[in-house]
Amino acid sequence: MIIGTVGAKTIGGLNNIGRFARFTWMSMLASLRSCISPCTYPLIWNQMNLIGVRSVPVVMITGAFVGMTLAVQAYDQLAGMGLEEHLGVLINISVVKELGPVLAAVMLAGRIGGALTAELGTMNVTEQIDAVRSMGTDPIRYLAAPRVLACLLLTPFLIIYADLMGIVGGYLVSVVQLGINSRAYWSFSASGVELWDVSIGVVKGLFFGVAIAVISCYKGFTCKEGAHGVGQACTEAFVASFISILALDFALAVIFKSIYNTFWPLKSLV
Amino acid sequence: MKEVDKENNIPADNGDGLIVLKNITKKFGTNTVLDNILLAVEKGKTTVVIGPSGCGKTVLIKHMILLLRPNSGEVYFKGRRIDNLRERQLNEIRTHYGFLFQGGALFDSLNVAENIIFPLRQHCEINDFKEVEELVKAKLAMVGLDGYQNYYPAKLSGGQRKRVALARAIALNPEVILYDEPTTGLDPIRSDVINELILKLQRELNVTSVVVTHDMTSAYKVADRIVMLHKGKIIADGDPDYIREHPHPVVQHFINGQVDDDDLAVLRMSGAVSQAQFLPRDFDQ
């Protein structure tokens, strides 16, 4: 009995993984085809407006609070060692490399992921996705690909916005509220933060964007019937996106670190 | 028309239909919804599939266009086997079909005109937008809704939504139109409008139609042939007169809208209505 239940659950889990992997692969192929097909550009453009432009305020607010909170939290510890002028390095490197991209992506998973899953889930339960198929159109190409491309292209830009606001927020709290010398703050920041650090955050955005879009679209496409089904799909989409953002962040941190150490082996020792 | 309610008593001409379902079985988990179904849809005729709610009518019609794939069996369109094709190959086949969904399934982010243009945009190169506008106007006029081009589906009534969905279904001039419960949820007059539309399309476009319904008025009005599904099997198949006189008690109960003896016995054995109205004391105030 127990073995049977465990076996059935394992098979069910493997089936789900297989279906998700297939959906991801088909979404990627459809996105590539959409890139070379100008007739799909209006769809992508429309999604870029819905997904990207309308997310700017929320992402900027997230970034600003990240920078401001970091300044408040780290000041006492650095001041205790007389290193308060180094606060800018700590804030800015944390913002551009980790907290900015991750928290902006989490915010996007909530805002975009939830909306995508709810929209596609509702389309699924009202047979609109079947209607797309019945008219001889691939719903992955028509519905998923523009969303994946919009997320892929715009998440890095949204992360740049979050980074900028994080830097401004951290600066304002550090200099205006905590009284750190402005020139020293920027001077240490400039010497501690490299283009590489900023690039890492932006490249992470590409992966986070694709993960959020693919997971949300998949959950919408496979949503169960009824209001409960749509609600459950939205919750699952957010949780899965959140976990995948953290897992991807860890994996990318390891990969980027080894790349950095390979190309600049001595720099990390300085 | 021949009856196919006995196993192995299958008409020999089944292979000549425009759409042929051959030994189709469909299961959802352990529930067998379609059990070894054999059905050939004749070209240019209206075939109506009747049966009680949940008997698998929608599942059957979705197999005809491969929106669902069978667990076993084969589907043929114009003599070509299509159940083994990939989705991409099926997309071309599906342009020969129009599908009217039960709730219309209009895209609620698009207005009426954009809904009708959708299949054209996907499959035709649009150079002359004036021509497309004229086409949309003609399709909407066909269903009596010219002038509603800029309305969004949320602003339309149930009957109007179905008519717009029908206009969208015929946008690509299909050879086959599949109707899933076209009159469900509509008042008798709106239902009759839809029935008249089905007949009009049949007359004017000479399409092959498959209508899934449990509305017997509609079935008798539009059908050239009626097929009854029960517990995943076809239990009756013939023209409307044949179905009216069919000896099978399940068919008679269904077409006359009478509850059968087993269901009556269950109702009689269940508790009195007054018992079901009991409320907890705290709530009963």
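The report below takes the chains in turn, then their contact, then some single residues.

## Overall make-up

This is a predicted model. Chain A has nine helices and zero strands. From the N terminus on, its elements run α-α-α-α-α-α-α-α-α. The C-alpha trace of chain A spans about 65 × 50 × 40 Å along its principal axes. Of the 270 residues in chain A, 43% are buried. Among contacts in chain A with a separation of 6 or more, 88% join residues 24 or more positions apart.

For contacts in chain B between residues at least 6 apart in sequence, 66% link residues at least 24 apart.

## Helix 6 of chain A

Helix 6 of chain A covers residues 139-177, which makes 39 residues. At 1.5 Å a residue it should span 57 Å. Its end C-alpha atoms are 53 Å apart, which agrees with that expectation. The helix does carry a kink of about 35 degrees at Leu154(A). This kink comes shortly before the proline Pro156(A).

How many residues of helix 6 of chain A are buried? The count is 28 of the 39, so the helix is largely enclosed by the rest of the structure. Just after helix 6, Gly179(A) takes a positive phi of about 75 degrees.

## Packing against helix 6

Helix 3 of chain A (residues 56-80) packs against helix 6 of chain A. Their axes come within 6 Å and cross at roughly 35 degrees. The crossing is right-handed. Residues in this contact divide into 18 nonpolar, seven polar and one charged.

Helix 4 of chain A (residues 87-125) also packs against helix 6 of chain A. Here the angle is about 145 degrees and the axes are 7 Å apart. Helix 4 passes helix 6 in a right-handed crossing. By class, the contact of helix 4 with helix 6 has 17 nonpolar, seven polar and two charged residues.

## The contact between the chains

Chain B gives 17 residues to the contact and chain A gives 11 residues. On the chain B side, the elements that supply two or more residues are helix 2 (87-94), strand 6 (97-100) and helix 3 (112-123). That side of chain B divides into nine nonpolar, five polar and three charged residues.

Where does Ala105(B) lie? Ala105(B) sits in the loop between strand 6 and helix 3 of chain B. With 25 C-beta neighbours inside 10 Å, Ala105(B) meets the cut-off of 20 or more and so counts as buried. Setting aside residues up to four places away in sequence, Ala105(B) touches Thr126(A), Glu127(A), Gln128(A), Asp130(A), Ala131(A) and Ala165(B). Ala105(B) and Lys162(B) are 57 residues apart along the chain, with their C-alpha atoms separated by 8.7 Å.

Most residues other than glycine have a negative phi. Two exceptions follow.

Glu127(A) is not a glycine, yet it has a positive phi of about 65 degrees. Glu127(A) is found in the loop between helix 4 and helix 5 (128-134) of chain A. Is Glu127(A) buried or exposed? Glu127(A) is buried, because 21 other C-beta atoms lie within 10 Å. Glu127(A) is also one of the residues that Ala105(B) touches.

Leu66(B) is a residue other than glycine with a positive phi near 60 degrees. Leu66(B) is found in the loop between helix 1 (57-64) and strand 4 (72-77) of chain B. Leu66(B) is buried, with 21 other C-beta atoms within 10 Å.

## A partly exposed residue in chain B

Ile255(B) lies in helix 9 of chain B, residues 249-255. Why does Ile255(B) count as partly exposed? Ile255(B) has 19 C-beta neighbours inside 10 Å, whereas a buried residue needs 20 or more. Leaving aside neighbours within four places in sequence, Ile255(B) is in contact with Met216(B), Ile243(B) and Arg244(B). Ile255(B) and Asn195(B) are 60 residues apart in sequence, and 18 Å apart in space from C-alpha to C-alpha.

How values were computed:
Residues numbered from 1 in each chain as written. Chains lettered and ligands numbered in written order. Predicted model: local features only at pLDDT ≥ 70, side-chain atom pairs only at ≥ 80, totals over all residues. Helix = DSSP H or I, 4+ residues; strand = E, 2+ residues; numbered from the N terminus. Expected span 1.5 Å × (residues − 1). Bend = angle between axes of the 7 residues up to and from the residue. Buried ≥ 20, exposed ≤ 12 C-beta atoms within 10 Å, placed from the backbone. Axes fitted to C-alpha atoms, helices over the stretch in contact; angles between N-to-C directions. Left-handed = near helix turned anticlockwise from the far one by under 90°. Nonpolar A, V, L, I, M, F, W, Y, C, P; charged D, E, K, R; others polar. Contact = placed C-beta atoms within 7 Å.
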